[in-house]
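Dear colleague,

Please find below the structure that I am handing over to you, with its sequence. My notes on what was found in it follow directly after.

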Amino acid sequence: MSIPTPLSRGFHPACLPLMLVLGLVMAGCSSGEYTTDFGKSLGEYRTAAEFSRLHAAATPLAGGAVSVQVPRFFDSQLDGKEDPRRTVPPFLKEYPGFELAFEKQFVVAGASLPVVLTVGVVPTNERQREDIESAILEQVRADESFPEAEWNKQLHTTPEGKKWQVLCLSGMQMFDRKVAGNPETKRSEGTCEIWVSAEPKQAFCTVLTWRIPNELVKQVPLAELAPLTVRTVVEAAQ
C-alpha cells in the first residue's frame, strides 16, 4: 500500500508544523481541538516520513497471502535460482518456507559487498513457530562462529502490538564479494539478524533474515530498518 507523504504533495517537511497550525487556527478550532488534531496530524506525518524509507509497493508472498515492504535501496530480487550463497546465509541452508531474497551491492574501498534480506513464509497449519525456531537455532549453532547462539529472551513488540522473535548473530561469517572485479569468498566480520513472526493466531509464520558485512553498517542502519520492515508484514484477510 502506498503511503502518501507531505513530500509527495510538494511540501517541505520543515513547513509542515507551521502549516498545520495555520490551517487549524483558520478553521476556528478550540485549543483542545487544536491540540488533538495537531498531534494526530504530526504523528501521521512522522509515520509517513518513517515509511518513506521503504518501497511504497508491497511485495506479495505465499501467493499473496502475506506481503512486506522492503527498504528502497534494495535493487535486485533473487528467486533462489542463483548461487545459494547469495540468497540464504551459509549457516541456514534449510531456510524455512523460502520465498525470495532482496540484494544490494555496495562499493567500499574498491570492493563490492552485498547486503541481503531473505524472506520465508510457512503456513502454521503445516509447521508451528516453535518448530521453525528450533530448526533455525540448530543450524546456526552448527556454525563455528555461533555455537552458543540463543533467541532473544523477550519478544520484540511493534508499535502496532505485533510480536516478533529475534536472533542476533555478530561475528565471522562467509561473505561473497568482488575485489577489482574478481569474485572472492571468505570469512569476515558481519551481522545477521533473524526475525520470526510470533503472533499467537497467525495463519503464516514469516521469517526475515538480514546479513550485512561490518563495512556497511553505516550505509545500512539495521537497528532502524529491521524493526521498521517487520511493521509492514501483513497477512491478507482470510
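A residue is called buried when its relative accessible area is under 20%, and exposed when that area is over 50%, with partly exposed in between. The model is a predicted one, and the notes below should be read with that in mind.

Cysteines

Cys 192 has a relative accessibility of 0% and therefore counts as buried. Cys 205, also at 0%, is likewise buried. A disulfide is a covalent bond between the sulfur atoms of two cysteines. The count of disulfides in this model is 0. For Cys 192, the nearest cysteine sulfur belongs to Cys 168 and lies 9.1 Å away. Since a disulfide requires two cysteine sulfur atoms within 2.5 Å, Cys 192 takes part in none.

In soluble globular proteins, nonpolar side chains tend to be buried together. Here the largest nonpolar core has 28 residues, and the members that touch the most others are Leu 117, Trp 195, Leu 208 and Trp 210. At least two residues of this core come from each of β2 (66-68), β4 (98-108), β5 (111-123), β7 (163-179), β9 (204-213) and α5 (222-230). Strand β5 supplies the largest share, with 5 residues.

Which residues does Trp 195 contact, leaving aside its neighbours within four places in sequence? Among them are His 156, Trp 164, Gln 165 and Val 166, as well as Thr 206, Val 207, Leu 208 and Trp 210. Trp 195 is also in contact with Ala 226, Pro 227 and Val 230.

Ser 197

Ser 197 belongs to strand β8, which covers residues 182-197. With a relative accessibility of 5%, Ser 197 counts as buried. Its side chain makes a polar contact of 2.9 Å with the side chain of Gln 202. The side chain of Ser 197 also reaches the backbone nitrogen of Thr 206, at 2.8 Å. Apart from residues up to four places away in sequence, Ser 197 touches Arg 129, Lys 163, Trp 164, Gln 202, Phe 204, Cys 205 and Thr 206.

Salt bridges

Side chains of opposite charge can pair when their charged atoms come close. The whole structure contains 12 salt bridges. One of them joins the side chains of Glu 150 and Arg 141, at 2.7 Å from N to O; Arg 141 is partly exposed, with a relative accessible area of 33%.

Another salt bridge, at 3.2 Å from N to O, is made by the side chains of Arg 187 and Asp 143. This pair links distant parts of the chain, as Arg 187 is in strand β8 and Asp 143 is in the loop between α4 (129-141) and β6 (156-157), 44 residues apart. Arg 187 is partly exposed at 26%, whereas Asp 143 is buried at 14%.

Arg 177 and Glu 215 also form a salt bridge, their closest N and O atoms being 3.4 Å apart. Because Arg 177 lies in strand β7 and Glu 215 in the loop between β9 and α5, the pair ties together parts that are 38 residues apart in sequence. Arg 177 is buried, with a relative accessible area of 8%, while Glu 215 is partly exposed at 34%. Finally, a network of salt bridges links Glu 50, Glu 160 and Arg 231.

With kind regards

Notes. Residues numbered from 1 in each chain as written. Predicted model: local features only at pLDDT ≥ 70, side-chain atom pairs only at ≥ 80, totals over all residues. Heavy atoms only, no water. Buried < 20%, exposed > 50% of the residue type's maximum accessible area, 1.4 Å probe, protein only. Core = buried A, V, L, I, M, F, W, Y, C linked by side-chain atoms within 4.5 Å. Helix = DSSP H or I, 4+ residues; strand = E, 2+ residues; numbered from the N terminus. Contact = heavy atoms within 4.5 Å. Polar contact = N/O pair within 3.5 Å; in protein donor to acceptor, adjacent residues only side chain to side chain. Salt bridge = Lys/Arg side-chain N within 4 Å of Asp/Glu carboxyl O.
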